[in-house]
Amino acid sequence: MSLADDLLQCVQAQSALLDEFIQALEAESAALLDDTPTNLTLAEQTQRKNDYAERLGQLDQDRVRILGEMEQPDTAAGINAACAIQPELRPAFDALFERADRASRLNQDNGQILHTYMEHNQRALDTLHSLVNQDLYDARGRLRRPR
């Protein structure tokens, strides 16, 4: 097997793993929009995303190594040079970059939803804190009305 074949297999493996990651991100998005996430749900989703990140990182290292063996850096210029020598690599890299961009956008969108939840929860906690620190009852033991 040639280095170009190894690189093609690596890039295809990255694309396949990104497809799985995208499905996980879409499921996360649906869960965030449908329900208020629990700490357990968020922890499970975070762990799953960390697992994908680790596996994708390993494939990135493989791609860097193979490109290095092809005497190309893992940069846009190096990838373009490898694709110029082995044109069959271009569609695989284009698909990889498209999936990576989609995964990045989904992850950012989910992060924004989580940030909104956190802000909402913080405001609720702040309101509760301010109520607890007030005298809720007057001198006769009657409930004071919030001002």
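Figure 1. H1, H2 and H4 each give at least two residues to the lining of the largest pocket. H4 contributes the most, with six residues. The volume of the pocket is about 220 Å³. Its lining includes Gln 14, Leu 18 and Phe 21. Leu 56, Asp 60 and Arg 63 are also among the lining residues. By type, the lining divides into seven nonpolar, three polar and two charged residues. The model is predicted, not an experimental structure.

**Figure 2. The whole chain is built from four helices.** The protein chain has four helices and zero strands. Along the sequence, the pattern reads α-α-α-α. H1 covers residues 3–34, and H2 covers 39–69. H3 spans 76–85, and H4 spans 89–132. The chain has 147 residues, of which 27% count as buried. Consider the contacts with a separation of 6 or more: residues 24 or more positions apart account for 71% of them.

**Figure 3. The largest nonpolar core draws on each of H1, H2, H3 and H4.** This core has 25 residues. Leu 7, Phe 21, Leu 89 and Phe 93 have the most contacts inside it. H1, H2, H3 and H4 each supply at least two of the core residues. H1 gives the most, with 10 residues.

**Figure 4. Phe 93 sits buried in H4.** Phe 93 lies in helix H4. Its relative accessibility is 0%, so Phe 93 counts as buried, the cut-off being under 20%. Phe 93 is one of the residues with the most contacts inside the largest nonpolar core. Leaving out residues up to four places away in sequence, Phe 93 touches Leu 7, Val 11, Arg 63, Ile 79 and Cys 83. One of these partners, Leu 7, is likewise listed among the residues with the most contacts in the core. Asn 80 is 13 residues from Phe 93 in sequence, and their C-alpha atoms are 9.4 Å apart.

Figure 5. Phe 21 is one of the residues with the most contacts inside the largest nonpolar core. Lys 49, in turn, is part of the lining of the largest cavity.

Figure 6. The structure holds one cavity of 30 Å³ or more. Ala 24, Glu 28, Gln 45, Arg 48 and Lys 49 form the lining. H1 and H2 are the elements that give two or more residues to this lining. H2 has the largest share, three residues. By type, the lining has one nonpolar, one polar and three charged residues.

Figure 7. Arg 48 lies in helix H2 and is part of the cavity lining. Its relative accessible area is 40%, so Arg 48 is partly exposed. Leu 25 is 23 residues away along the chain, yet the two C-alpha atoms are separated by 9.8 Å.

Figure 8. Cys 10 has 6% relative accessibility, so Cys 10 counts as buried. Cys 83 also has 6% relative accessibility and counts as buried. Cys 83 is one of the residues that Phe 93 touches. A search of the whole structure finds zero disulfides.

**Figure 9. Glu 71 has a positive phi in a loop.** Glu 71 is in the loop between H2 and H3. Its phi is near 65°, a positive value in a residue other than glycine. Most residues other than glycine have a negative phi. Glu 71 has 71% relative accessibility, so Glu 71 counts as exposed.

Note on methods
Residues numbered from 1 in each chain as written. Predicted model: local features only at pLDDT ≥ 70, side-chain atom pairs only at ≥ 80, totals over all residues. Heavy atoms only, no water. 1 Å grid on protein atoms, 1.4 Å probe; cavity = no way out; pocket = protein on both sides within 12 Å on 5 of 7 lines; lining within 4 Å. Points joined across faces, edges and corners; volume = space filled by probe spheres on them. Nonpolar A, V, L, I, M, F, W, Y, C, P; charged D, E, K, R; others polar. Buried < 20%, exposed > 50% of the residue type's maximum accessible area, 1.4 Å probe, protein only. Core = buried A, V, L, I, M, F, W, Y, C linked by side-chain atoms within 4.5 Å. Disulfide = S-S within 2.5 Å. Contact = heavy atoms within 4.5 Å.
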